[in-house]
Amino acid sequence: SKARKRLERKPLFMERTRGSEILFGIAPCSLALSQSRRDLFRLFLKQSSGSRQRVMSELVLQATARGVPVHHVTRRELDALCRGQVHQGVCLEATPLRFKSLEEAEKPDLGDEDSKNQQLIWLVLEQIQDPMNLGALLRSAYFLGVDRVVTSRRNSCPLTPTVSKASSGAMEVFDVYSTDDLRSFLKTKTAEGWEVVGTVSDPEDAENVPVISCLEFRWNKPVIIVIGSEGDGISLETQLLCHRMLAIPPGRALHPGIESLNVSVATGILLHSICSQRLRHGD
């Protein structure tokens, strides 16, 4: 029986299309099938999917409409395809998504006075390296109405299937841009009339930049919110390009060692605080 168990644990080999990757999870696969942003090769569904039968039937219809072959496979084969990730009985072989360059972006028209006062909000991510955090950030940004997400290309996580799953598929419908020169980008936006706002967990960490509570922040011009890396936060060079820094006030006296929030949680709180002003002004 031990030999049989070892054999069962051994992953199956399945040859992949050159240059492809394996998306996993119902939301990423369904949204990838509904968009035209990837080339799609094969859809893999778990045999006898039980309670998810209706969802699986819808995925088959989506795949058939796109001309994507459907393969019904065992759970073990799905586990092997996505290397043990939580696939919910679905994997999709597809080409990767890439960051868009800022040159490809449509520029908002800020020419007249009314446009300059419109409440555009862009989220800039500096060296976010954890795919789960990046996915959660994209999910919050999409949900809360951020107009554009821009990442620093250097030392940042690429747009992987894990990011798509963590974003609950938001990555499949929401363009993500990147830049090789984050500081030049921020200087350009400042010259165009945008406010650049950094974020800090401890106000004492801010270098020569005023810090206010996110609850006190008010905006009347296009704004860029800069989020720093999981460990170090915003780099000093980027901090010095910020007009203000935002902090989230804690709800109690904190024990040493648990004085900050996860980067994606903190960003969700900050974005909600800022984006809700836009909703109130629109009433």
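This is a guided walk through the structure shown above, from the whole chain down to single residues.

Before we set off, note that this is a predicted model, in which local features need pLDDT of at least 70 and side-chain atom pairs count only at pLDDT 80 or more, while totals for chains, interfaces and linings use all residues. Residues are numbered from 1 along each chain as its sequence is written, and side-chain values use heavy atoms, with hydrogens and water left out.

Let us begin with the chain as a whole. It holds 10 helices and 12 strands; these are DSSP runs numbered from the N terminus, with helices (H or I) having at least four residues and strands (E) at least two. Of its 283 residues, 45% count as buried, where buried means under 20% relative accessible area, exposed means over 50%, and partly exposed lies in between (1.4 Å probe, protein chains only). The accessible surface comes to about 15,500 Å², and 49% of that belongs to carbon and sulfur atoms; such areas come from the Shrake-Rupley method with a 1.4 Å probe, and for residues only the protein chains shown count as cover.

Now find the four-stranded sheet. This open sheet has the order E1-E4-E2-E3 with mixed pairing, and two strands pair if DSSP finds at least two bridges between them. Its edge strands, each pairing on one side only, are E1 (21–24) and E3 (70–73). From one strand to the next, the twist averages 25°; angles run from 0 to 180 degrees between N-to-C directions, with axes being lines fitted to C-alpha atoms, for helices over the stretch in contact. Inside this sheet, E2 (residues 40–46) and E4 (residues 90–94) are antiparallel partners over five bridges, and Phe-44 stands opposite Cys-91 in E4.

Helix H2 (residues 26–34) packs on it, touching E1, E2 and E4, and makes about 40° with the direction of E4. The buried residues of H2 are Ile-26, Pro-28, Cys-29, Ala-32 and Leu-33, and they pack against E1, E2, H3, E4 and helix H7 (161–166). Helix H3 (residues 53–66) lies across E2, E3 and E4, running at about 160° to E2.

Is Ile-22 buried or exposed? Ile-22 counts as buried because its relative accessibility is 6%. Leaving aside residues up to four places away in sequence, Ile-22 touches Arg-16, Leu-81, Cys-82, Cys-91, Leu-92, Glu-93 and Pro-161. Its C-alpha atom is 9.6 Å from that of Leu-43, a residue 21 places apart from it along the chain.

Next comes the eight-stranded sheet. This one is also open, with parallel pairing and the order E5-E8-E7-E6-E11-E9-E12-E10. At its edges are E5 (100–101) and E10 (211–213), each pairing on one side only. Helix H6 (residues 131–144) packs on the sheet, touching E6 (121–125), E7 and E8, at about 175° to the direction of E6. Helix H8 (residues 182–191) lies across E6, E7, E8, E9 (195–199) and E11 (223–227), running at about 160° to E6.

Strand E6 deserves a look of its own. Five of its five residues are buried, so E6 is largely enclosed by the rest of the structure. Both of its faces are covered, with Ile-121, Leu-123 and Leu-125 buried on one side and Trp-122 and Val-124 on the other. E6 pairs with E11 in the parallel sense over five bridges, and Val-124 stands opposite Val-226 there. Four bridges join E6 to E7, also in parallel, and here the partner of Val-124 is Val-150.

Our last stop is the largest pocket, with a volume of about 840 Å³. A pocket is an open set of points on a 1 Å grid over the protein atoms alone, where a 1.4 Å probe fits, with protein on both sides within 12 Å along at least five of seven lines; lining residues have an atom within 4 Å of a point. Grid points are joined across faces, edges and corners, and the volume is the space filled by probe spheres set on them. Of the 32 lining residues, Val-200, Ser-201, Asp-202, Ser-260 and Leu-261 lie nearest the centre. Strand E12 (244–247) and helix H10 (263–282) are the elements giving two or more residues to this lining, and H10 gives the most, with four.

Technical notes
Contact means heavy atoms within 4.5 Å.
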